[in-house]
Amino acid sequence: MSEILIENVNKYYGNAHVIKDISISISDQSFTVLVGPSGCGKSTLLRMIAGLEQVNSGNIFMDGSKINDLPPKDRNIAMVFQSYALYPHMSVFNNMAFGLKLEKRPKNEINDRVIEAAKILQIEDYLGRKPRQLSGGQRQRVAIGRAITRNPRVFLFDEPLSNLDAALRSDMRIELTELHAKLDATMIYVTHDQTEAMTLADNIVVLNNGQIEQVGTPIELYKKPQTIFVAGFIGSPKMNFLTGKLAQKFGGDTIGIRPEDISISASRGELEVKLRHLEHLGPDTLCYCNSKEYGQILVRESGIRSYNREQTLHVNFNKKDVHIFKGDRRI
């Protein structure tokens, strides 16, 4: 069992209150993603779970035991960082074995654990190489392999894919989900990339300014965002927000509508707009439109579209998919 309970946790750096009374339960064997913009406190929270940052108030429990004052080495947690942190003079095998050697594990046990981790990550052929002889994706696999060899109760990932190019990030996301299924481990993953959060997580914790905005599955956050912040942060391209008379018509201060829940008509619709720009994505076309009253409205249409710039068009909203907000809260 590797359930983690965070209870009314606060963190200060001088007068800066960076983690503000956060409480959350992270289930055993779950893949939980902490997501939010830069400076929201997600990495600080992860480091407090690891024992690398002190908890100023509140408590952190693992399997019912309080771990606030437990040294990092005694928490049985493995952490994978954004930087690979590999020893350049060591082979892949020795990089993966390093922690086990520090623990003075028997040689045969070290060898078995490294080989097993290498097989899981499909890097058996690279065990004799040095890090400089590896690609970025291979180096990140070695860093993850080093964590696997320790058989930790919990894996912590701090933006591990941010140094990789887009194609490798996509591949590694698939590998991480498969790794989670193989190991049945509790994994906590920090990212600012909402696409990573949506594709990796069983559960997402959205953080903003040191506080939790919402916790839920990817679909829950996408379909029923509880605040304007979550509605604008989750989903790509971003949700459209409109105020004024149109919002009042729906009974709110603000309404949100996702680009794919708007359709375009050449003759009749809810609003008259002018086309500013088209982005052809192949299966979809993004239509950047402008309304005199409401500003930019982004529409996502399937297929290839061929409107003219500055063409007058009309947009219609799929009313069942309109999100209504009073203040910054969903109603």
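Seven of the nine residues of helix α1 are buried (under 20% relative accessible area, with exposed meaning over 50% and partly exposed in between; 1.4 Å probe, protein chains only), so α1 is largely enclosed by the rest of the structure. The model is a predicted one, where local features need pLDDT of at least 70 and side-chain atom pairs count only at pLDDT 80 or more, while totals for chains, interfaces and linings use all residues. Residues are numbered from 1 along each chain as its sequence is written, and side-chain values use heavy atoms, with hydrogens and water left out.

As for which residues of α1 are tucked away, the buried set is K42, T44, L45, L46, M48, I49 and A50. Helices here are DSSP runs of H or I with at least four residues, strands are E runs of at least two, and numbering goes from the N terminus. Helix α1 spans residues 42-50 and lies across β1, β2 and β4, running at about 115° to β1; axes are lines fitted to C-alpha atoms, for helices over the stretch in contact, and angles go from 0 to 180 degrees between N-to-C directions. Just after α1 comes G51, with a positive phi of about 90°.

Now for the sheet. Four strands make an open sheet in the order β2-β1-β4-β5, with antiparallel pairing (a pair needs at least two DSSP bridges). At the edges stand β2 (16-26) and β5 (65-66); each has a single partner strand, so one side of each is left without a neighbour in the sheet. Strands β1 (residues 4-13) and β4 (residues 57-62) run antiparallel and are joined by five bridges. Across this pairing, L5 sits opposite F61 in β4.

T32 belongs to strand β3 (residues 31-35) and is buried, at a relative accessible area of 3%. Its side chain makes a polar contact of 3.3 Å with that of S30 (N or O atoms within 3.5 Å; within protein, one able to donate a hydrogen and the other to accept it, with residues adjacent in sequence counting only if both atoms are side-chain atoms). Setting aside residues up to four places away in sequence, T32 touches I26, M187, I188, Y189, N203 and V205, contact being heavy atoms within 4.5 Å.

E260, by comparison, sits in the loop between β12 (254-257) and β13 (262-265) and is partly exposed, with a relative accessible area of 33%. Neighbours within four places in sequence aside, E260 is in contact with Y222 and R300. The C-alpha atoms of E260 and D284 are separated by 9.7 Å, the two residues being 24 residues apart along the chain.
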